[in-house]
Amino acid sequence: MKRGTKLATTGGSLLVLTLLAGSMAVSQSSPNEPGTPTAPTAPMVPVGLVSFDSCADALAELRAAATASVGPYGFAGDAVLFGDRTAAIGGAESKARTFAEAPGDAAVRDAGAGHSTTNNHEAGADEPDLVKTDGRRIVTVTGGVLRVVDPVTRRVTGRLDLTDDREELRWQEHRLLLLGDRALVLREDPPRPADSLRSIRRAGATRLLLIDLSARPQLLGTYRVGGSTVDARLTGRTARVAVRTSAQLRFPPMAEGTDRVRTERNRAVIARAGVEAWLPEYEWTAGAERHTGRVGCDRLNRPDRMTGSSTLTVLSFDLTADRLGDGDPVAVAADADTVYGTATSLYLAGRRPAPITGAPRWQPPSTEQVTDVYQFDTAEPGRPRFLAAGSVPGWLINQYALSEWAGHLRVATTTGEFVGDGTASESAVRVLRRDGGALVPTGEIGGLGRGERIYSVRYLGPVAYVVTFRQTDPLYALDLTDPTAPTVTGELKITGYSAYLHPLPEQRLLGVGQEADRQGRTKGLQVSLFDVRDPGRPNRLDQWHLPGGWSQAEYDPHAFLYRPDTGLVALPVNDGVRLLRVGNDTISEIGEVTHPAASVRDGVRWAPPVRRSLVVDDVLWTVSEAGLRATDPASARNLAWIAAT
């Protein structure tokens with residue numbers, strides 16, 4: 001273990017929201033030094049979501065938007081070069097609230113629970129993950145087979161094959177939501193040439209499976225819709241799933257001719273397309289029943305700006321029912337790649353790339369972007385209700401860049417291009433408030449990490465912590481108590497960066513990321529323990545460093561496990577799990593948990609990485625494609641092994 005030292009310092013969550021980055025010019029770098037509030041930028045607020053008057057009106061506007069957006073090589077950011085366009089995989093609170101009670105601190109609040117839960121961003125908004133437990137059972141899907149494990153007897157008590165005898169589905173990732181005796185399984189289905197649904201046949205589908213776990217696991221019903229899953233949230237008994245569907249437009253292969261000629265050929269395809277090219281198809285089953293349908297024009301809305309290249313659909317399912325039904329869809333002619341949710345709201349975030357004119361489609365889109373925000377109310381069961389829309393310059397690192405607190409939405413973005421020496425980029429945190437149907441700017445703090453980009457963000461009530469990086473890691477502490485005048489209160493510069501920040505009791509913060517040299521070259525996994533009691537002088541208390549190591553938790557917070565009652569941190573590292581103990585000012589290593597190799601086809605054996613950890617009644621369970629292992633978390637001693645056979 002490598003001890004950290006105190007380094008020099010300077011003085012220095014849930015709505016339903018869709019963030020759509022546009023091709024507008026970004027704001028110029030702020031002349032203010034970090035720590036000085038900057039005036040809110042000029043509002044870039046779209047009117048909001050507007051329903052179409054008719055299918056004919058929808059078709060005309062969608063064709064017009066797509067025609068204006070398409071170029072000689074199709075839409076910017078297409079997932080394929082030519083031919084079919086496939087979906088790209090992939091209330092006010094008291095200001096006196098203490099650090100340990102801040103929103104997003106679910107792990108700290110779970111200290112006395114007999115079992116751990118998914119490392120969710122916000123309380124009351126459960127997120128799908130590879131494994132779920134309610135303390136009575138552990139549910140996971142490996143190799144396309146759902147297994148129920150009794151943590152007391154350490155035996156498999158239920159098993160259900162979900163592959164429909166399709167071998168390729170054994171390699172698909174399955175994620176779960178769990179509510180009582182019901183599990184909702186989410187996965188991506190690859191295209192099937194013989195599929196009766198055109199959009200699913202050509203571009204693949206999101207597939208949902210409702211499982212009854214009250215006795216032997218039983219499939220109650222399914223739902224399939226053309227497109228890829230963005231994410232999902234479970235609030236109360238309602239699961240809401242966001243799906244992104246590419247417009248079903250078959251652009252011709254690139255032929256001889258100028259860019260203008262190729263663009264006109266693509267526009268001709270759009271001119272011939274019917275409205276069904278933008279309206280996703282779906283199919284749902286319940287027992288022997290089978291129903292098909294398509295999202296109706298009356299369920300489709302448009303933002304003030306749109307490209308016509310894709311449709312975003314939010315589906316709502318009551319997990320206490322005996323069937324999924326049609327999902328009661330609400331759709332937006334927009335795009336998204338991030339979901340942020342609270343117990344009463346849902347945000348969807350995504351980029352709208354700048355059009356690429358006269359450039360090959362494999363070139364990356366421009367990094368000059370704008371993020372459009374759409375807020376929906378999910379406080380009641382059923383279809384979400386649109387509330388407001390707004391815009392901010394820049395792009396998001398992930399859902400942790402968003403936070404709702406005291407009636408305001410905080411958004412952290414990076415603007416400019418992070419290329420070469422990175423001097424064109426900087427970051428900011430902006431505060432928005434709802435005014436009627438608009439999210440309007442209230443205050444902002446800019447000039448963070450000039451020449452760098454954001455690597456992680458964590459909001460804890462009225463404070464926020466932002467990590468930017470290029471060669472060294474400034475950890476900024478921000479005071480957002482006054483939404484009209486946010487300020488930087490402190491800054492800590494250390495080598496490396498934290499890609500994920502997790503709150504601990506006693507006003508401490510744990511960072512998981514990479515150590516780096518002074519030139520910014522990464523040197524392996526590091527876990528940093530920060531003392532943030534003094535907002536003007538954040539300080540690193542200790543550091544654990546594994547040269548050459550990496551952790552899935554750097555990009556997937558669900559892989560991170562923390563138990564505040566014991567100080568246990570379970571962290572996937574390379575192919576195993578490292579167990580650490582975090583004290584008041586130290587980090588120590590307990591040991592490592594590994595899984596045996598698993599047999600696969602043709603006798604080839606492999607050691608699958610351990611991807612998740614959970615705790616039930618003081619026993620640590622780790623999960624991989626090979627199976628589940630029970631371990632004593634205090635000593636890393638093996639207790640049991642359950643193979644995924």
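Visitor: What does pLDDT express, and what average does the protein have?

Guide: pLDDT is the predictor's confidence in each residue, from 0 to 100. The protein averages 84, and 81% of the residues score at least 70.

Visitor: Where does pLDDT stay under 50?

Guide: One such stretch is residues 1–32, for which the model has 160 contacts (heavy atoms within 4.5 Å) beyond four places in sequence. Another is residues 356–367, with 22 contacts of that kind. Where pLDDT is low, the predicted coordinates should not be read in detail.

Visitor: How many strands form the open sheet that begins with β9, and in what order?

Guide: Helices (H or I, at least four residues) and strands (E, at least two) are DSSP runs, numbered from the N terminus. Two strands pair if DSSP finds at least two bridges between them. Here six strands form an open sheet in the order β9-β10-β11-β12-β15-β16, with antiparallel pairing. Its edge strands, β9 (175–179) and β16 (289–294), each pair on one side only. The twist from one strand to the next averages 15°; the axes are lines fitted to C-alpha atoms, for helices over the stretch in contact, and angles run from 0 to 180 degrees between N-to-C directions. Within the sheet, β12 (residues 218–226) and β15 (residues 281–286) are joined by five bridges, and V225 has Y282 in β15 as its bridge partner.

Visitor: What is a nonpolar core, and which residues have the most contacts inside the largest one?

Guide: A nonpolar core is a set of buried Ala, Val, Leu, Ile, Met, Phe, Trp, Tyr and Cys residues joined through side-chain atoms within 4.5 Å. Buried means under 20% relative accessible area, exposed over 50%, and partly exposed in between (1.4 Å probe, protein chains only). The largest core has 44 residues, and those with the most contacts inside it are L184, L208, Y223, L249, I270, W278 and F317. Helix α1 (residues 55–69) supplies the largest share of this core, five residues. Apart from it lies another core, of 27 residues, among them V429, L439, A464 and Y476. As for Y223, the residues it touches beyond four places in sequence include L208, Y282, W284 and F317.

Visitor: How are β26 and β27 arranged?

Guide: Strand β26 (residues 426–435) runs antiparallel to β27, and eight bridges join them. The two form a hairpin with two residues between them, and G436 in the turn has a positive phi of about 65°. D435 stands opposite A438 in β27. Strand β27 (residues 438–448) is mostly covered, with ten of its eleven residues buried.

Visitor: Which other strands form a hairpin?

Guide: β38 and β39 do, with four residues between them. Six bridges join β38 (residues 576–582) to β39 (residues 587–593) in antiparallel fashion, and V582 stands opposite I587.

Visitor: What is the value of phi at R154 and at A406?

Guide: Most residues other than glycine have a negative phi. Phi of R154 is near 55°, a positive value, and phi of A406 is near 50°, also positive. R154 lies in the loop between β7 (145–150) and β8 (155–161) and is partly exposed, at 29%. A406 is in the loop between β24 (402–405) and β25 (408–415) and counts as buried, at 17%.

Terms used:
Residues are numbered from 1 along each chain as its sequence is written. This is a predicted model: local features need pLDDT of at least 70, side-chain atom pairs count only at pLDDT 80 or more; totals for chains, interfaces and linings use all residues. Side-chain values use heavy atoms; hydrogens and water are left out.
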